[in-house]
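I opened the notebook to record what I looked up here, entry by entry.

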Amino acid sequence: MISEQRIQELNHSLQDDHQFRFNFLAEWLDRRGIAVQEIIDQVAAFQVAIPSWALGTGGTRFGRFPAGGEPRNLEEKIEDIGLLHRLNRSSDSISLHIPWDIPKDVPALQQLLAENSLTIDSVNSNTFQDQPDQPFSYKFGSLCHTDASVRNLAIQHNIDCINYGKALDAKTLTVWLADGSNFPGQQHFRRAYQRTAESLASIYESMPADWTMLIEYKPYEPHFYSMVIPDWGTSYSLCQYLGQNAQVLVDLGHHLPNTNIEQIVGRLLHFGRLGGFHFNGSMYGDDDLTTGSIKPYQFFLIFNELVDGMTDPAVKNPSLAWMIDASHNTKDPLEDLLQSVQSILTTYTKALLVNRVALSQAQEGNDVVVAEELLKDAFQTDVRPLVAEAMRQSGGALDPIAAYRAAHIREGLIQKRGKLSIATGL
Ligand code: PSV
Ligand code: MN
Ligand code: MN
């Protein structure tokens with residue numbers, strides 16, 4: 001849909017302005033003792049996985065307005081992500097959701113992944129929907145269910161996910177449970193937790209030793225009175241119960257308004273239990289909007305904690321799995337994903353600019369104003385030329401969204417797949 005040569009041609013037309021802006025910023029940072037190329041290399045190395053379920057329009061329960069040209073199968077989803085990766089060189093993997101993405105022809109998929117320079121990031125289980133041929137229902141829960149037959153079905157589904165993942169060299173199983181209750185008295189909290197822990201242990205025991213289980217939490221929805229894993233503390237305690245290869249996954253949208261997410265990140269890093277991140281933007285809750293679109297300063301503060309933890313030798317946390325978990329109701333999903341990656345990299349770059357030595361001194365000396373100003377200084381720096389330069393140096397587009405539009409990609413996809421093609425998603 002867009003060749004590397006076309007990307008270079010488009011870059012050529014933007015090069016002059018880019019160089020001007022880049023030189024100014026690079027010189028300014030250089031004067032302050034910041035190693036610019038090191039920052040660029042770190043940004044270029046940062047890769048964010050794209051979920052297979054975010055390539056179509058999400059919709060709400062009130063309606064859905066398809067973008068047209070949505071991917072109709074796993075192969076086309078891989079092609080779409082390959083396209084994103086060609087443009088920004090920062091989305092080199094895909095997360096699968098079973099049973100939506102059951103791999104059929106594994107060798108052909110492996111070849112397609114290699115052609116698109118992609119790998120499989122994680123496999124996500126789905127026990128929040130009943131499948132047509134399913135013998136028991138998840139209506140009253142899956143891993144927490146009162147009936148062992150339902151629990152075993154959900155356990156087996158997760159084991160199947162691991163096996164699908166193994167065939168494609170994945171190493172992560174992500175578990176998000178919709179289990180919970182809608183009314184007081186409906187569910188016995190302690191027994192539901194215990195059954196969940198034991199079910200997760202059966203799955204954990206079936207996982208290869210080099211795999212990680214990521215456990216996501218969410219305070220509400222689909223249940224509105226209680227969720228079995230509503231918060232990071234519950235995820236954390238389940239991880240402790242399971243073992244070292246279980247980690248907490250933070251999804252930015254899974255917090256109640258005004259939650260101090262950056263502090264949660266700091267805590268989990270301190271315990272060495274932060275396994276992964278689902279990026280999105282949120283105003284009210286699990287809105288799944290474009291990353292960074294609503295609260296960019298909070299997003300920066302979260303990245304500041306992440307960079308602080310990742311660069312502190314005292315922190316013993318495994319490397320993190322980064323993924324976008326968004327839904328697109330009004331935008332072209334591919335443009336939204338490009339915007340999200342751009343926002344993630346921009347915010348990461350700002351966090352890399354924080355003067356950590358000075359910040360630490362200000363914190364230890366209780367200089368509140370200087371500490372805050374150091375953060376604001378990094379946050380207010382326009383680092384977009386650094387991100388563009390990282391993409392250019394990696395062979396991507398200086399301006400991925402402009403390149404996407406210039407190449408009329410959505411129009412091409414509609415022509416190929418039709419106006420009414422619908423992708424599976426949330
Ligand atoms: C539902 O809230 C959800 O958005 C979770 O964040 C999961 O990660 C995702 O769906 C896929 O199951
Ligand atoms: Mn999520
Ligand atoms: Mn969610």
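Which helix does S235 lie in? I found S235 in helix α7, residues 232-242, where helices are DSSP runs of H or I with at least four residues and strands are E runs of at least two, numbered from the N terminus.

I noted that this is a predicted model, in which local features need pLDDT of at least 70, side-chain atom pairs count only at pLDDT 80 or more, and totals for chains, interfaces and linings use all residues. Residues are numbered from 1 along each chain as its sequence is written, and side-chain values use heavy atoms, with hydrogens and water left out.

S235 is buried, at a relative accessible area of 0% (buried is under 20%, exposed over 50%, partly exposed in between, with a 1.4 Å probe and protein chains only). Leaving aside residues up to four places away in sequence, I listed its contacts (heavy atoms within 4.5 Å) as I215, E216, Y217, I229 and V248.

I then turned to the sheet, which is open, has eight strands in the order β1-β2-β3-β4-β6-β8-β9-β10, and shows parallel pairing (two strands pair if DSSP finds at least two bridges between them). Strands β1 (50-51) and β10 (321-324) each have a single partner strand, so one side of each is left without a neighbour in the sheet. Between β9 (residues 274-279) and β10 I found four bridges in the parallel sense, and F277 stands opposite W322 in β10.

Last, I looked at helix α2 (residues 36-45), where V36, I39, I40 and V43 are buried. The cover over these buried residues includes α1 (4-31), α10 (333-353) and α13 (384-393), while the face turned away from the buried side carries the exposed residues E38 and A45.

Methods
Chains are lettered from A and ligands numbered from 1 in the order in which they are written.
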